[in-house]
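Please look over the structure below before reading on. The briefing then goes through it topic by topic.

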Amino acid sequence: MLATNNLFRMRVLCVSLLAICFACGLAFSAAPMHRQDQVTQQTTKPFAIDLDAATLNSYQGQYATDANPDVVYSFFYEDAKFFVESARSPRTYLLAKSKTGFFVKGARTEFNFVTDPGGKVTGVTIGAGNNSRLAKRISDHPVPNNFRPYARQEVMIPMRDGVKLFAVVLRPTDTNAPLPFILDRTPYGVSDNDANNISPQLPELAVSGYIFVFEDIRGRYKSEGKFTMMHPLADHKDPKQTDESTDAYDSVAWLIKNIPNNNGRVGVVGTSYPGFLTAEAGIDAHPAVKAISPQAPMTDVWMGDDFFHNGAFRQSYGYDYALGMESGKENAFGKLNEDAYDYFLQSGSFAGAAKKSGSPMLPTWQAFLNHSSYDSFWKSRAVQPHETRVEVPTLEVGGYWDQEDMWGPQAEYAALKPHDTKHEVFLVLGPWNHGQWASTTRRLGVLDWGVPVSDQFRAQIEAPFFAHYLKDEGALPLQDTASFQTGSNTWKHYSHWPPTEGVTTQNLYLGESSALSFTAPSGSEQDVFAEYKSDPANPVPYRKRPIEATYAPTGSQWYTWLAQDQSFLADRKDVASWTTPVLDHDVTVTGDVIADIFASTTGTDSDWIVKLIDVYPTTAGTTDPQAARMSGYELMIAEEIFRGRYRNSFEQPEALEPNKINEFKYSLHAADHVFLKGHKMMVQAQSSWFPLYDRNPQTFVPNIMTASPGDYQPATQRIFWMPKYPSHIELPVAH
């Protein structure tokens, strides 16, 4: 959902935390109030009725849904008022519309209490119409959320070049003790941050006591200056040059000097673009910066993050994101009135899509057109080449199903770790999509991990990490890497990532008759291959159609597409699949998964997508709702694309020789997953993933962004398996 308030830890385009907390994904908006305001606040009651105290008292208690049992709603009757709150939601007054039904003024969400035949209250439905969900009563005794009170201050912070940046400062009012800062710098707007939402957004950090600072970066919202997407790192020997690193430095220096009762220490945290800004704050850092946590950071948007993966252009995402970020000083994310698959197919190339938009040519769109290969423009914006020493203790955080920046935290950890002489670089990988660790949930789409993974991370790792370095409280919460291993659904701790102890590399070979096994091919050298026709006029969709705009206001499947069932592609003739027999024992894959395929094309360019998939057993007739949802489910565990023209160099693309067998070896990135006994392992290969990735014309052109209609030609693709060309997946198998 497109959030209009700035949820500081998550990209503003992620699901609203208040919506998650209140209705497990149902729409909710209100003007919540703090407990200290409840006596003096006068609430009008249009279309409301008065209920007696006995009725309202009967509804008091705690309620939780089966889908998200960790979000517990407490209903209170105090001072002749009835209200609801939770550990992630401020106290919100409810008005009665009937004896059992309540609503919030100005909101769509309704609360309707349910009773058994004897009249005992057993639950409450939360939501509106068909979107309501039952929360069962789990206790007769409500529990207050114990939010700390915060005072709010707006400031303009001067930078070294005279530009001033707008910031909101929130400080607990229940203490005068010196406190450290938590700084979040963001392009998504900070004005909405106040005492009402700091605790719902950051319950663990807010209750422990920090001075929170939310800052608009230059050129965005209320800050002065010019915005540049992922501003390149400047020459810091020149005191007049500025970038996001110097702006962070200057902001910290001002805060330490001008905000009273601070302890002289600053922690920096941010997710996605703010993750990039957080990493920049750790380069030539101000001495007061004592801990940073880049979470899903945009790190190198050409190599593996938002805009390109191994040279393949992320067309629909690049189009939507630049349009939302560069159409004005504030977010301007729009919607398409048609299936994005049709929109981009009919546009032809990306140049055609940009023209069709009716928007002026945006700076990042122009960069896509002018810099399609890995040149100095993109290299200057990459973070990891500058991470040549560990200046600040760093906690990298990422999700295995992050649809935007899964590559970034792994790349930054890999860059920093060789220089980690003081043991100050840590990594957390979990079963999350983009920024999901900020929410309270144990689910990803239909997947259920069985434990509150996000809450565990924040309470047991993130909050102790900052407390250790900013307050000298407690021991370090990590040895090195914490990973939530899916399949077994347990936290694992490793001394390094990827782990080597107890892990061996085993090759999972593609074979004839769609077979997949750990046995290498043998026999004659006669060509043996799978063959399919890749037609740019009918590319393989990357998720079920219709495909909404990436950040469509409602209904977008963007957030969970990496975890969606791949069986929707079962009838495609341009997707090749290989499957093991039913596993007779668990197979645990922990580490980096590598695709090593030998392939040819009748064209002169080609894309290769390889996916490692967990195939769940079919459970016909089951009465278990979760088992029914997962029956025959095909879950991607690791996946990636490679654009063939870059097989020798990302800087200098070259045409492929038609029908020549080439080796394409590239990372599918990290996995920590148990393929359970009774499941199957599957590998799929295809040559389009549309419209997330633009279509490869399959004829070599200097710039695919400006390809002509005639350049797009069908091609026959072959993937080989034989002793000379043993296409396989390298799996780090744990024992």
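This is a predicted model: local features need pLDDT of at least 70, side-chain atom pairs count only at pLDDT 80 or more; totals for chains, interfaces and linings use all residues.

A search of the whole structure finds 32 salt bridges. The count of cavities of 30 Å³ or more comes to 10. Helices α7 and α10 pack with their axes 8 Å apart.

**Salt bridge D174–R148**

- D174 and R148 join their side chains in a salt bridge, at 2.7 Å from N to O.
- D174 sits in the loop between β11 and β12 (179-186), and R148 sits in the loop between β9 (133-139) and β10 (150-158), so the bridge ties together parts 26 residues apart in sequence.
- D174 is partly exposed, because its relative accessibility is 44%.
- R148 counts as buried, because its relative accessible area is 16%, and the cut-off for buried is under 20%.

**Salt bridges around R545**

- R545 forms a salt bridge with D339, and their closest N and O atoms are 2.8 Å apart.
- D339 belongs to the loop between α7 and α8 (340-347), while R545 belongs to the loop between β26 (529-534) and β27 (576-579), so this pair ties together parts 206 residues apart in sequence.
- D339 is buried at 12% relative accessibility, whereas R545 is partly exposed at 41%.
- R545 also meets the side chain of D342 in a salt bridge, at 2.9 Å from N to O.
- This second pair links distant parts of the chain, with R545 in the loop between β26 and β27 and D342 in helix α8, 203 residues apart.
- D342 is partly exposed, with a relative accessibility of 25%.

**Helix packing: α7 and α10**

- Helix α7 spans residues 315-326 and helix α10 spans residues 363-370.
- The two helices pack at an angle of about 145°.
- From α7, the contact uses G318, Y319, A322, L323 and E326.
- From α10, the contact uses P363, T364, W365 and F368.
- The residues of this contact divide into 6 nonpolar, 2 polar and 1 charged.

**Cavities**

- The largest cavity holds about 150 Å³ of space.
- Its lining has 17 residues, and H309, R314, D402, L562 and Y693 lie nearest the centre.
- That lining divides into 7 nonpolar, 4 polar and 6 charged residues.
- The second largest cavity holds about 110 Å³.
- A set of 14 residues lines the second largest cavity, with G282, I283, E387, R389 and L416 nearest its centre.
- The lining of the second largest cavity divides into 7 nonpolar, 4 polar and 3 charged residues.

**A buried strand residue: F166**

- F166 is part of strand β11, residues 164-172.
- F166 counts as buried, because its relative accessibility is 4%.
- Beyond its neighbours within four places in sequence, F166 contacts E154, V155, M156, V190, S191, F214, E215, D216, K222 and S223.
- F166 and L635 are 469 residues apart in sequence, and their C-alpha atoms are 44 Å apart in space.

**An exposed loop residue: E501**

- E501 lies in the loop between β23 (490-494) and β24 (503-510).
- E501 counts as exposed, because its relative accessibility is 74%.
- E501 and F466 are 35 residues apart along the chain, with 29 Å between their C-alpha atoms.

Technical notes:
Residues are numbered from 1 along each chain as its sequence is written. Side-chain values use heavy atoms; hydrogens and water are left out. Helices (H or I, at least four residues) and strands (E, at least two) are DSSP runs, numbered from the N terminus. Buried means under 20% relative accessible area, exposed over 50%, partly exposed in between (1.4 Å probe, protein chains only). Contact means heavy atoms within 4.5 Å. Axes are lines fitted to C-alpha atoms, for helices over the stretch in contact, and angles run from 0 to 180 degrees between N-to-C directions. Ala, Val, Leu, Ile, Met, Phe, Trp, Tyr, Cys and Pro count as nonpolar, Asp, Glu, Lys and Arg as charged, and the others, Gly among them, as polar. On a 1 Å grid over the protein atoms alone, a cavity is a set of points where a 1.4 Å probe fits but cannot get out, and a pocket is an open set with protein on both sides within 12 Å along at least five of seven lines; lining residues have an atom within 4 Å of a point. Grid points are joined across faces, edges and corners, and a volume is the space filled by probe spheres set on the points. A salt bridge is a side-chain nitrogen of Lys or Arg within 4 Å of a carboxyl oxygen of Asp or Glu.
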